[in-house]
Amino acid sequence: MMKRIAMTTMMATAATWLTAQTVNYPATMKDNTVDEYFGQKVPDPYRWLEDDRSEQTAQWVEAQNAVTNAYLSRLPQRSKLQKRLTEVANYGKVGTPFWRHGHWYQYRNNGLQNQSVLYTMDELNGEQRVFLDPNTLSADGTVALKSMAFSHDGKHCAYAISRSGSDWMEIYVMDVATRQLTADHIEWCKFSGPQWYKDGFFYSAYDAPEQGKEFSNVNEVQKIYYHKLGTAQKDDVLFYQNPVQPKRFYGVDVTDDETMMFLYESGAGAGNNLFVRDLRQEGSQFIQMTNDMECQYSPVENIGDKIYIFTNYGAAKNRLMVADIRKPGVQDWQELVGETDDVLEDVSFANGKMVLTYSKDACNHVYVYDLQGKRLCEVPLPGVGSVGFSSRKERPECFLTFTSFTQPGTIYQYDMAQNQCQPFAEPKVNFRLSDFQTEQLFFESKDGTRIPMFITYKKGLKRNGRNPVYLYGYGGFNISLPPSFSAMRIPFLESGGIYAQVNLRGGSEYGEEWHLAGTKMQKQNVFDDFIGAAEYLIAQRYTSKDKIAIVGGSNGGLLVGACMTQRPDLFRVAIPQVGVMDMLRYHKFTIGWNWASDYGTSEDSAEMFEYLRGYSPLHNLKPGTSYPATLVTTADHDDRVVPAHSFKFAATLQACNDGTYPTLIRIDTKAGHGGGKPLSKVIEEQADIYGFIMHHLGMKLKK
């Protein structure tokens with residue numbers, strides 16, 4: 001169906017800085033590559049940039065970064081902004097305490113550490129001792145701790161790390177008593193943490209990739225292995241694989257009491273299949289519990305023969321069901337807590353009770369239930385925001401983390417008997433949170449759908465149509481955007497800006513129907529919602545089209561790319577971060593195929609191909625168009641959304657832009673899709689982004 005014609009020309013380089021608004025971009029070569037979809041030919045002249053390890057691409061990256069760095073370094077407020085961002089980031093941050101095998105553990109960051117440190121305590125609020133410090137694993141903080149698990153006897157801790165932001169992980173094992181590493185070392189693990197069983201653990205991995213293509217090739221045939229402590233990885237036992245479905249994900253989970261094992265299969269829809277094995281029965285085999293990969297099935301706890309399962313099966317806004325391992329098929333499950341008007345987001349067990357977290361208009365509410373599914377009370381929260389609950393079924397201690405747009409993550413201890421929350425750890429920030437306020441607005445999208453949006457700003461704001469706006473969204477993959485705090489926003493807010501966060505269709509804010517309304521042939525709804533948010537803020541005189549910057553990452557980068565190509569007149573600044581920009585070829589790299597449940601692919605049908613081409617950011621850039629000031633961001637180790645998306649989009653944008661605003665690309669090194677990025681790199685990147693935004697929105701940095 002697809003044909004490729006080889007590259008025929010060469011790249012020219014060199015760039016010079018001219019003025020603050022005029023940039024001499026590197027001349028990017030074009031080749032004669034053409035693909036054919038259902039009889040229609042589509043040129044792809046920058047296909048060569050997909051080879052992110054070639055010398056030619058390396059030269060292009062160097063030339064582009066030289067131009068971008070020169071531009072950003074001359075922004076008049078850039079250095080002062082980086083200093084202020086460092087100041088506001090410099091406050092102590094703590095994680096929720098958790099109990100394992102007679103000890104308490106807690107993550108802490110003293111303010112400017114690149115990675116948070118895991119401490120251990122013999123008792124709550126006791127003396128803290130360093131258990132694992134990821135900052136010691138690399139000189140520049142680019143090694144991040146991704147997951148960890150204690151063996152069920154408490155003697156060992158297996159932890160997974162990633163390097164330079166890659167999704168590839170390595171697993172190491174530590175002796176808990178001595179804090180010394182064992183000889184165990186696992187490589188090429190991905191989307192899987194260690195799952196302990198007896199004297200070893202299970203993990204999911206791929207065969208070692210071809211050298212030079214570690215961060216771009218499609219990942220196929222994920223395998224589950226069992227690793228026995230003290231042995232080499234080459235001797236690990238292959239536990240499960242399914243070559244018939246090479247692109248699906250497989251992983252296992254073992255309950256803490258080692259009575260049950262679950263096998264998960266995903267990657268062929270929006271959900272997963274679930275299998276269970278009774279480990280109490282010698283020689284037992286997996287029994288399939290479900291057969292619908294469009295629904296989500298997540299075991300959250302087991303008590304005796306009962307399995308408590310969080311699911312959207314038969315409930316678009318989710319419900320809690322109970323299965324019996326003796327008759328585990330979904331047809332025999334019993335509903336424990338049914339679907340409500342609000343979206344069930346999380347279930348925890350604590351001290352013989354259940355704690356359920358719901359979302360109403362993208363804000364959390366928390367309730368306590370008994371084990372028979374009866375609601376007992378609502379947990380009093382300190383305000384309107386987001387909650388993360390932490391507990392164990394056998395322990396009386398309960399903790400919750402509360403955050404909002406104007407409150408950093410604060411730890412509260414919850415007294416279930418008294419139904420009271422008491423502050424346990426409150427961050428001491430060095431800026432005035434009381435200066436800011438948040439309100440929630442609702443507006444109608446293009447088709448009349450009611451869309452929520454949060455706006456946060458400095459008190460005393462006047463609706464005069466001249467306020468700068470940082471408009472942020474995501475809109476995909478059943479992911480919601482609840483209230484959250486980021487110190488990086490503070491200088492922008494201090495300087496009179498409005499942070500606006502839109503709860504677009506495609507997310508999970510109102511359940512699965514809301515999600516599906518922003519997928520496949522309904523994807524345009526997401527862009528209409530985002531454009532509608534900007535138009536609403538203009539109509540209500542919060543701002544004007546010359547004062548709006550749009551920002552989003554990953555699927556949100558696609559959002560920004562689509563909106564700036566559909567409505568280049570509506571925004572002054574666009575920041576597409578690690579975006580999915582080539583909707584015709586996204587499924588051909590690493591795990592891009594897994595996004596087909598939301599997007600569809602160009603190979604599905606002629607109709608799907610036409611729909612994707614109709615909004616694909618790369619394919620909707622038009623020569624002679626004046627585009628917003630644009631800073632595309634990506635990274636050399638991004639193996640989630642490969643940098644080729646951003647490379648090809650930036651090259652095409654520079655060729656098409658007929659306006660006076662710069663269209664630049666910032667390509668980070670030793671960084672990936674964003675997860676685990678060291679704080680020093682975060683501050684550098686945010687200084688560049690906010691410096692670019694504030695310059696082009698005509699803002700002056702204030703405290």
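Q: What should I know about the ground rules here?
A: The model is predicted: local features need pLDDT of at least 70, side-chain atom pairs count only at pLDDT 80 or more, and totals for chains, interfaces and linings use all residues. Residues are numbered from 1 along each chain as its sequence is written, and side-chain values use heavy atoms, with hydrogens and water left out.

Q: How many residues are in the largest nonpolar core?
A: It has 69 residues. A nonpolar core is a set of buried Ala, Val, Leu, Ile, Met, Phe, Trp, Tyr and Cys residues joined through side-chain atoms within 4.5 Å. Buried means under 20% relative accessible area, exposed over 50%, partly exposed in between (1.4 Å probe, protein chains only).

Q: Which helix gives the largest share of this core?
A: Helix α5, residues 524–539, with seven residues. Helices (H or I, at least four residues) and strands (E, at least two) are DSSP runs, numbered from the N terminus.

Q: What does L471 touch, leaving aside neighbours within four places in sequence?
A: Its contacts (heavy atoms within 4.5 Å) include M453, V502, F530, L537 and I550.

Q: New topic. How do β28 and β29 run?
A: Antiparallel, joined by six bridges. Two strands pair if DSSP finds at least two bridges between them. They form a hairpin with six residues between them.

Q: Which residue in β29 is the bridge partner of F389?
A: L400.

Q: And S54, buried or exposed?
A: S54 counts as buried because its relative accessibility is 15%. S54 is found in the loop between β2 and α1.
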